[in-house]
Amino acid sequence: MPQYTTFQPKPYRPRMSAYWYLDQWHYLRYALRESSSFFVAYFAVIMLIQIAALKAGPTHYAHFQMLMRCPVIIILNALALAFILLHAVTWFLLVPRVALRQILNKPSPDAIASVPNFMVWFGATVIVALFILGVF
Amino acid sequence: MSSAKRSNEPIVWFLFGVGGFFAAYFLPIHIALYGLAFPLGLVRDPGYDQTFALLEHPLTRIYIAVLLTFCFFHAAHRMRLTLSDILNMRHLNTILAFVCYGGAIVGTICAIWMLAVVH
Amino acid sequence: MADTIILEVERFHPERDTEPSYESFEVPLRADWMVLDALNHIKDQLDGTLAFRWSCRMGICGSCGMMINGVPKLTCETLLMNFAPGPVRVGPLDHFPVIKDLVVEMDDFMAKLQKVRPWIIRKDDETPAREFIQTPAQLEAFHQFSLCINCTLCYAACPVSGLDPNFIGPAAIALAHRYNLDSRDQGLEERLDIVSQHEGIWDCTVVGECSTVCPKGVDPSLAIQQYKLTATKEWFKSFIVPRGKN
């Protein structure tokens, strides 16, 4: 059947697949990176529960600790850690160089922006761990 | 000359951006310890008294409130975009925005309320 | 090593097809051939009706962009041997309407380029007395973003371009950014009105594929994120410092 309009043939307009992110590994990598946001929300809620349990007293906090030991929760937490590490690494590789370019107003090696952030991350991790473990 | 009003997206993007840094710097260690190391017995749990004493300190409460607020808004923005582009819900954009940012606001209010007074 | 390779080329005949289909061609596998050479072999020797765009054959005109095994590339810069033993799938650029075979309609893209006012904007209308002086540092600020050859590989790579046809896209935003960074230009405010819209920079979700596929190293993703920073700064400023009338 001819695809002619009055003056010219009609172009073919392909429709984007609903599963476009499965077509290329780079797209799937992007989808995984973005889905880390669900785990950020998940653990933020866990932290809210933890604070509520702490405020309610030792018995309630013991229940919270039991909840954290449930196999399902352990698996979710492990996934959460994996995805949030993915977020952190991709974030430090992508975002700081934008600020660096904005400030320096010329091209420069990405590492100048990324490496200090990784160092801050390491420092923050150590300091927070020391507080949580009761060293301070 | 375009007289179209500029988008107000900058405010949510800004919260998303700052939240991204907070989530990246601080969340991993919290998950690693409270979510895995303590429950699995890999590291000795400091226990209720020590943890409560830590929470009671005003600086801790400010840190947690700020961390949670920015994490909620970071997650909300990214979840909205994920649902819109990856899970093909672009046509529900307004509902998604309402649910995601609304959820972040609820989470923030919960966090600040709970942390305002601890004794 | 075999001395031929199969190319599976997407065909679309607008006068009789409603959908594209693939047609296989066996072409010589020469060590110094690009995919463009293989396509020209098909047109010269096998099927003269195959339609595709090309011009400079050296990666500067931006005409020969096509999807090669699902990745947008310039066919004049893509070595055929890299796909041995094959087959190689060649298709028209994603996210564009297909006129015929490998030729896509670029009208939308041209309109988007124009929309961002890609020229030096001055606040006054006077003809300058002499040329604008620019230091090497001032040139370096925007030089990278001026290298765009309008090949639209970035539009084919960007999923948002496919999901939202109104998204003005990586090349147009990078071009607008090039002028914003140019010390001779005074059009930042004017372009922000156009670009700081939902179908402007805010549609971008930092997939980053545009920068990955760019053959000239323009890094449009960096341009877009920088633009978001600028737009956010101006947004906050607009509450503290009221904007005067244009």
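Student: Which residue of chain A does R78(B) form a salt bridge with?

Tutor: In this predicted model, R78(B) pairs with E34(A), and the closest N and O atoms are 3.2 Å apart.

Student: How many salt bridges are there between chain A and chain B?

Tutor: The count for that pair of chains is 1 salt bridge. Polar contacts across the interface of chain A and chain B come to 12 residue pairs, both residues being at pLDDT 80 or more.

Student: Which helices of chain A touch chain B there?

Tutor: Helices α1 (25-56), α2 (58-69), α3 (71-94) and α5 (111-132) of chain A each provide at least two residues of the side that touches chain B. The largest share, 19 residues, belongs to α1(A). By class, this side of chain A consists of 38 nonpolar, 10 polar and 4 charged residues.

Student: And what area is buried between chain A and chain B?

Tutor: About 4,800 Å² is buried between them, with carbon and sulfur atoms giving 77%. The contact draws 52 residues from chain A and 54 residues from chain B.

Student: Turning to chain C, how many residues are in its contact with chain A?

Tutor: Chain C contributes 39 residues and chain A contributes 26 residues. The buried area between these two chains is about 2,700 Å², of which 56% comes from carbon and sulfur atoms. E140(C), L222(C) and Q226(C) supply 16% of the area that chain C buries against chain A, more than any other three residues.

Student: Which side chains form the salt bridge there?

Tutor: The side chains of R97(A) and D219(C) do, at 3.0 Å from N to O. The count between chain C and chain A is 1 salt bridge, and 10 residue pairs are in polar contact, both at pLDDT 80 or more.

Student: Which element gives the largest share of the side of chain C that touches chain A?

Tutor: That is α9(C), with 5 residues. The residues on this side of chain C divide into 20 nonpolar, 11 polar and 8 charged.

Student: New topic: how many disulfides are found over all chains?

Tutor: The search of the whole structure finds 0 disulfides.

Student: Is C56(C) buried or exposed?

Tutor: C56(C) counts as buried, at 17% relative accessibility.

Technical notes. Residues numbered from 1 in each chain as written. Chains lettered and ligands numbered in written order. Predicted model: local features only at pLDDT ≥ 70, side-chain atom pairs only at ≥ 80, totals over all residues. Heavy atoms only, no water. Contact = heavy atoms within 4.5 Å. Buried area = accessible area lost by both parts, 1.4 Å probe. Salt bridge = Lys/Arg side-chain N within 4 Å of Asp/Glu carboxyl O. Polar contact = N/O pair within 3.5 Å; in protein donor to acceptor, adjacent residues only side chain to side chain. Helix = DSSP H or I, 4+ residues; strand = E, 2+ residues; numbered from the N terminus. Nonpolar A, V, L, I, M, F, W, Y, C, P; charged D, E, K, R; others polar. Disulfide = S-S within 2.5 Å. Buried < 20%, exposed > 50% of the residue type's maximum accessible area, 1.4 Å probe, protein only.
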